[in-house]
Amino acid sequence: MLLNRREFIKLSSLLGAGTVVSPLLLGGCSAHPLPGAGQVSKTPTFCDMCFWKCAGFVYRENGEPWKIHGNDNDLHSEGRLCTRGTAGLGNYEDPDRLQKPLLRVTAADGRQTFREASWDEALGYITERMNSIAEQYGADRFAMLNHGYGARHFSHLMRAWGSGSSAEPAFAQCRGPRDVGFKLTFGEGLGSPERTDMEHSRCIVLIGSHIGENLHNGQVQTLANAWRRNATVITVDPRFSVPAGKSKYWLPIKPGTDLALLLAWMHVLIDEKLYDSDYVQRYTTGFDRLREHVARYSPEWVYLETGIQPELIRTTAREMAASAPATLIHPGRHTVWYGDDTQRSRAIAILNALLGSWGRKGGLYIQEKVRLAKFPLPAYPKPKSTFKAAHGARYPFAYKGVSNAIIEASIGDDAHYKGLLVYGTNLPMTIPGIRPQLRAAMDSLELVVVVDTMPSEITGYADVVLPECTYLERYDDLRNSGERHPSLALRMPVFEPRHESKPGWWMARELGHRLGLEKYFPWEDYSEVLDWQLKQVGSSLQEMQNIGVKNFPRTRPRYFVEGQPVQFRTPSGKIELYSQQLADQGFDPMPEYTRPEQPPQGYYHLNYGRMPAHTFGKTTNNALLFQLAPENTLWVNPLVASAQGIENGEYVRLANPDGIVSNRIRVRVTERIRPDSVFMAHGFGHRSRRLRLTHDAGADDSELMTNVKVDPIMGGTGMRGNFVTIVRENA
Amino acid sequence: MARYAMVIDTLLCIGCGDCVVACKTENKVPEGLNRDWVVEATRGTYPNLTTEFRSERCNHCSHATCVYMCPTGASHHWKDTNIVLVDPNKCTGCKACIAACPYDARLIMHPGGYIDKCTFCHHRVEKGLDPACVSTCPTHCMYFGLLDDPSSEVSELLRTRNYKVLAPETGNQPNVYYLT
């Protein structure tokens with residue numbers, strides 16, 4: 001075998017590069033070259049399979065795509081990509097990718113379809129409509145909804161154009177409550193990657209956060225590190241999640257009662273004087289009011305709400321205190337649950353403050369990024385209105401755009417928004433129960449542009465679809481995330497864009513030039529911008545094309561120095577246990593527990609989450625990942641299966657009280673779920689026929705979420721107050 | 001015989017399947033086939049539960065029944081090690097090895113007309129690298145090395161931790177170890 005391989009190399013080198021790799025040997029047996037025996041090259045990138053943005057190298061063998069592996073110098077990945085990152089080539093090779101620009105046309109019989117268009121025609125059409133909207137209503141009436149790093153090129157275009165309205169579902173459908181809750185308390189959010197210092201934590205508390213099922217790479221790796229060091233992990237989850245199975249304590253809580261438990265923990269810490277009194281005195285304000293406030297949340301009272309034994313509440317609180325300040329009450333990420341989510345996040349923030357973990361080793365560290373100069377460009381015009389026009393005074397602490405509010409403000413003839421650009425986010429499967437409003441908005445809007453790599457459901461709503469090339473075929477902005485120390489990473493084209501797809505920067509520049517915004521796009525190729533920026537920090541594009549990641553030393557400490565004075569970015573300059581800001585707006589200044597709605601007879605809590613093989617619905621058509629997880633399953637407890645007469649492996653549908661019935665989903669009978677709940681991974685049940693692998697596979701949780709609990713503080717769409725009943729497929 | 005072992009810490013494995021994808025891309029495994037896979041085993045009733053995840057593959061047995069049963073000599077131990085390989089040029093696809101394998105670790109059937117399986121990435125081992133799955137695992141729960149070397153990480157782990165192998169009763173002497 002080894003001999004054959006050596007023979008083969010000689011042969012192929014004679015045949016020259018680019019020859020098909022299947023030479024015939026004597027006897028007609030085909031050779032079986034070992035992986036990597038050919039001409040191997042590697043190109044740096046950072047991943048776009050999720051938002052974690054891990055840096056790695058893409059390997060090609062004899063010019064053909066081979067594999068992707070992490071970059072050892074990268075803080076986000078420590079040289080190891082996750083399941084999805086490793087499968088990144090599946091996105092590049094997906095045969096269902098968008099290939100050419102598409103324009104909506106109405107046929108003679110009145111039916112609307114797409115026809116392929118040239119870039120010139122598609123961009124010309126968009127330019128004409130954007131100009132018309134600007135003339136009739138103003139440039140600010142054109143909004144953007146986006147997800148992903150490539151959106152930056154379009155944010156730049158929008159701001160140059162005079163629009164002040166953009167929103168990411170990452171705020172109101174995901175991280176918003178958490179970041180608002182922490183900002184209200186500490187004056188700062190958590191960032192992404194989060195500032196959690198788990199590699200040094202001695203105690204970690206996960207509140208419904210199923211790290212390991214979500215593969216946020218750095219989170220998984222640092223939590224694994226904590227397990228390796230035998231740190232005490234306490235997991236609160238109604239489901240026996242992957243981290244629950246590896247925790248010293250698993251608290252199988254009644255769904256929706258987490259806030260009661262958090263208040264009971266504060267009660268114990270204060271009652272037993274286990275909190276960090278020096279830290280609390282030095283850095284916080286409102287402690288006396290907090291003590292009074294939590295006095296009534298005794299473990300005995302909270303037991304009745306949560307089902308967690310009082311003694312277990314006390315023991316776990318003592319464990320937290322014993323390891324403090326190297327104790328992390330994990331802030332989570334997807335935190336839009338029950339509509340009181342900012343308050344629950346506040347409770348998590350306050351608990352961290354009582355333990356003195358913010359700014360301390362093993363708790364929440366101080367991030368630092370590279371001071372990277374912006375490419376010199378003229379200032380943006382001041383937009384006539386901002387994203388706040390979408391929700392008015394409703395959500396006073398929404399410091400970012402609320403995506404669902406922008407859609408609602410696009411409905412009707414007198415709607416504020418007249419045009420919408422959607423970049424990289426599949427809205428019907430992203431915002432709970434949004435489909436009716438989305439349909440109405442799309443009817444009203446004068447222009448809907450969708451930029452995507454795949455024919456996701458949202459493309460069906462567009463007037464114009466622009467096919468972007470994948471992350472493996474383009475430059476994007478340098479990655480410069482706040483991290484343990486400053487670092488930069490480069491994304492660059494590994495391959496030429498397939499078909500007629502184009503990089504986002506190219507589309508933004510072309511549109512910019514057509515719209516008369518040339519001065520905002522004074523480059524031919526985006527690599528010029530990157531090179532200029534890199535040269536300001538002593539590197540260059542050429543250097544980064546070799547190394548992919550460049551690390552810089554820290555310029556300030558990662559943790560507070562013992563006893564140092566700290567000015568927090570809150571109105572009081574202190575950590576605000578009692579929030580005057582909230583009180584002034586008529587909200588509870590300290591978190592209050594409200595009992596969650598209970599399912600009607602015959603209904604179950606619809607519990608949902610992630611699976612490690614997929615990033616929402618974004619990767620389900622990737623052939624490598626599809627093979628690993630082709631559909632989601634409905635987790636049901638054996639008691640439920642027996643009561644409903646359903647068996648493991650059979651298909652059922654779910655119905656909600658509003659009459660919405662899901663696509664079919666396969667039953668998985670497991671003890672890992674409570675009998676009052678069912679669970680499914682989010683991201684399946686695609687209806688787009690053009691996604692040929694994933695079309696019709698599994699069910700979509702988001703369409704069942706018609707009971708949305710809106711967080712009045714920041715507009716988040718709470719998704720966990722939904723109930724479903726099981727409908728047998730053949731009944 | 002030099003003995004290479006893989007040691008997998010089930011206390012750290014999260015069942016993410018990264019090892020499966022890393023193997024598929026590294027070894028260009030055809031669509032629909034896998035050389036490794038992940039098993040989840042849950043015991044108990046709610047809420048008294050344990051769950052174990054195991055990344056499984058060919059055990060590269062020291063006494064490999066597949067090698068003994070192969071009529072053409074295609075299945076063989078590589079270079080006087082325990083690493084079991086199949087020579088595609090000798091394999092007729094008769095499937096005797098599939099019947100002989102206690103771990104169901106052989107793929108039916110590579111489109112090239114032979115039985116395929118995990119190679120412990122011997123093409124990487126030869127260069128001093130870990131197998132693709134080991135070098136990719138995000139929780140670092142997998143280890144690879146020589147059992148003959150008492151100072152190797154794998155020897156050290158088996159000396160200091162509790163472990164098990166799968167189906168020891170077969171007498172095949174498997175070389176994939178699970179820390180428990």
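Here is a short tour of this structure, stop by stop.

Before you click, note that this is a predicted model: local features need pLDDT of at least 70, side-chain atom pairs count only at pLDDT 80 or more, and totals for chains, interfaces and linings use all residues. Residues are numbered from 1 along each chain as its sequence is written, while chains are lettered from A and ligands numbered from 1 in the order in which they are written.

**Stop 1: chain A as a whole**

Select chain A and zoom out. You'll find 22 helices and 26 strands; here helices (H or I, at least four residues) and strands (E, at least two) are DSSP runs, numbered from the N terminus. The C-alpha trace of chain A spans about 80 × 70 × 65 Å along its principal axes. A compact globule of 731 residues would have a radius of gyration near 27 Å, and chain A agrees, with 27 Å. (That radius is taken over C-alpha atoms, and the globule rule is 2.2 Å times the number of residues to the power 0.38.) Of the 731 residues of chain A, 56% count as buried. A residue is buried if 20 or more other C-beta atoms lie within 10 Å of its own, exposed if 12 or fewer, and partly exposed in between, with C-beta atoms placed from the backbone.

**Stop 2: the core**

Now pick A:Leu263 and A:Ile406. In the largest nonpolar core, which has 251 residues, these two touch the most other members. Such a core is a set of buried Ala, Val, Leu, Ile, Met, Phe, Trp, Tyr and Cys residues joined through C-beta atoms within 7 Å. Helix H8 (residues 258-271) of chain A gives the most to this core, with 11 residues. Leaving out residues up to four places away in sequence, the ones A:Leu263 touches include A:Val294, A:Tyr297 and A:Pro591; two residues are in contact if their C-beta atoms, placed from the backbone, lie within 7 Å.

**Stop 3: a parallel sheet**

Next, show S10, S9, S8 and S12 of chain A. They form an open sheet of four strands in the order S10-S9-S8-S12, with parallel pairing. At the edges sit strand S10 (249-251) and strand S12 (327-329) of chain A, each pairing on one side only. Five bridges join S8(A) to strand S9 (residues 232-236) of chain A; two strands pair if DSSP finds at least two bridges between them.

**Stop 4: where the chains meet**

Bring in chain B. The contact takes 40 residues from chain A and 35 residues from chain B. On chain A's side, the largest share, six residues, comes from H7(A).

**Stop 5**

Select A:Ser192 and A:Pro193: the peptide bond between them is cis, with omega near 0°. A:Pro193 lies in the loop between helix H6 (169-186) and strand S8 (203-207) of chain A. Over in chain B, a cis peptide bond joins B:Tyr46 and B:Pro47, with omega about 0°. B:Pro47 is in the loop between strand S2 (37-45) and strand S3 (48-56) of chain B.

Last, pick B:His60 and B:Asp104. Phi of B:His60 is near 45°, a positive value in a residue other than glycine. B:His60 counts as buried because it has 28 C-beta neighbours inside 10 Å. Phi of B:Asp104 is also positive, near 55°, but B:Asp104 counts as exposed, with 9 C-beta neighbours inside 10 Å.
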